[in-house]
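Good morning, and thank you for coming. Please look at the sequence and the structure on the screen while I speak.

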Amino acid sequence: MQEIPFENEKDTVTSKCDGCGANMVFDPETQMLKCPHCGSVKDFEKSNVVEEIDVLKAFSNGETWKDDSSVYRCENCGAVVVLASGQTATRCPYCETSHVVKSEETAGLKPNAVYPFTVSRQNALEFSKKWAKSKLFAPRKFKKNLSEENFRGVYQPSFTFDSQTRSVYHGRIGKRHTRTVGSGKNRRTETYIVWRDISGTYDEFFNDVLINGDTTYSQNTLNKISPFNYSDIKVYGDEYLTGYMAKRSDRTVESCWDDAKSLIDDSIRRGILSRYVYDVVSYLNVSTTHQDVTYKYVLLPVYLLNYRYGKKLYSVHINGNTGKVAGKSPVSPLRVLVAVLLGIALVGLIGFLYYHFGG
Ligand SMILES: [Zn+2]
Ligand SMILES: [Zn+2]
C-alpha cells in the first residue's frame, strides 16, 4: 500500500469506499477512484470538453475554488497547497518540513482543467532510478534512498492562453555580399551589406501558450519536464485532487497573460523574419493586436522528491504524464576524488607506455 503524506478526516465528502468505508483516492493507472485499504475501484464522471474562458472575464471576477477544500500554508517556505475537502496535510512537499498549518485563506481561482496523473508512484520511482543511474557523481546513498514513499504528487498551477493575432510590421534587413577590389598587390576581398526595407501583415493563431502559475516553481524546471499530454486534458473535478495536493497559484491571470504576450511577440518576430533571407536585422517594428483571447487554468501533474544531503535540499521533478525527469542530484566528494585520481592514473599510465614503447 502506498503511503500518502496526509491523513483523512472522519467526516468528509470525498468518495467513500462502498466496501470498507475508507476515503478513496485518485489512481493514475485505472484513472478511477481507488480505495487505499481494500483496493476496490469506483469510476466517476469525466469530461474532456474543457471550456476556454474569455480572458476579460478573469480580469473582472474569476470563479473561486470550493469553500470546503482545505488550504494549508507552510510556515517554513510559504507554500500554499490546496487539498480535497476533508484531507489534511502533514508535511510540506516543497521543503519537507512538518510546519504546515491549516489556513483560513481562500483556495483562490478555481482551475478549470487538469492533466490527471497517468504515471503511478511506482513507475515514477523507476523513471527516477534510471535518471539517478546516469548521474556518475551522485552518492550511492542517494541512489539507494530513492523510494516510492518519498514521492509527493503535486499539481502545479499553470495557465494556457489562446489568441488570434494580427500584426503589422516594418523593418530593415541586410544580406552580406563579397566583392573583390583593387588590383595587383592590393587585390583583396571585402564584405558589404545590401539593405532592404520590409513591411507587411502577419497573422497567426496561438494555441495553448503555457505559463507557469507559481512564482516559487522555476519556469526552467517546468520547461525541462514539459510537454504534458495535451490530449489527456480533462475538465477539473475534485476527484482528481484526492490523494494529491495542488499548489495554489500565486499569480494573477493578468500577469500570466503579460508573460504569454511576450512569448507570443518573440514567436511572431521569428515568424516574420522566417519569410526572408537575411544576415542582419537593422530594426523590426511589430504592432500586434490580440483577438478572442481565452485561457485555461490547468493543473499539471508533477511528482516531487526532495533529498537532503549535507545542509542542502535537492529536488527531483518527474512529469506525472510522461515520466520525464529533471533535477539536481547531490555530488559525492569521494566519487569526484576517485574520478580525478583515476584520471591522473590514466594520464600517468599513457605517459609511461609512451616513454617505454612509444616513439
Ligand atoms: Zn475499501
Ligand atoms: Zn515548505
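How many bridges join strand E5 to strand E15? Two bridges join E5, residues 53-54, to E15, residues 280-309, and these strands run antiparallel.

A word on conventions: this is a predicted model, in which local features need pLDDT of at least 70 and side-chain atom pairs count only at pLDDT 80 or more, while totals for chains, interfaces and linings use all residues. Residues are numbered from 1 along each chain as its sequence is written, chains are lettered from A and ligands numbered from 1 in the order in which they are written, and side-chain values use heavy atoms, with hydrogens and water left out.

Strands, labelled E, are DSSP runs of at least two residues, numbered from the N terminus. Two strands pair if DSSP finds at least two bridges between them.

Let us follow E15. Strand E11, residues 152-181, runs antiparallel to E15 and is joined to it by 22 bridges; Pro 157 has Leu 299 as its bridge partner in E15.

Strand E16, residues 312-319, pairs with E15 in the antiparallel sense over eight bridges. E15 and E16 form a hairpin with two residues between them, and Gly 310 in the turn has a positive phi of about 65°.

Next, one residue of E11. Arg 152 is found in that strand, and Arg 152 is buried, at a relative accessible area of 2%. (Buried means under 20%, exposed over 50%, and partly exposed in between, with a 1.4 Å probe and protein chains only.)

I turn now to the metal. Which residues coordinate the zinc ion, ligand 1? They are Cys 17, Cys 20, Cys 35 and Cys 38, each through its SG atom, at 2.2 to 2.4 Å. Donors are N, O and S atoms within 2.8 Å of the metal (3.2 Å for Na, K and Ca); water is not among the atoms, so sites may look incomplete.

Why is the arrangement tetrahedral? The four donor atoms subtend angles of 99 to 124°, and four donors count as tetrahedral if all angles lie between 85 and 135 degrees. In sequence, the donor residues are spaced C-x2-C-x14-C-x2-C.

Conventions
Helix = DSSP H or I, 4+ residues; strand = E, 2+ residues; numbered from the N terminus. Tetrahedral: all angles 85-135°; square planar, octahedral: opposite > 155°, others 65-115°.
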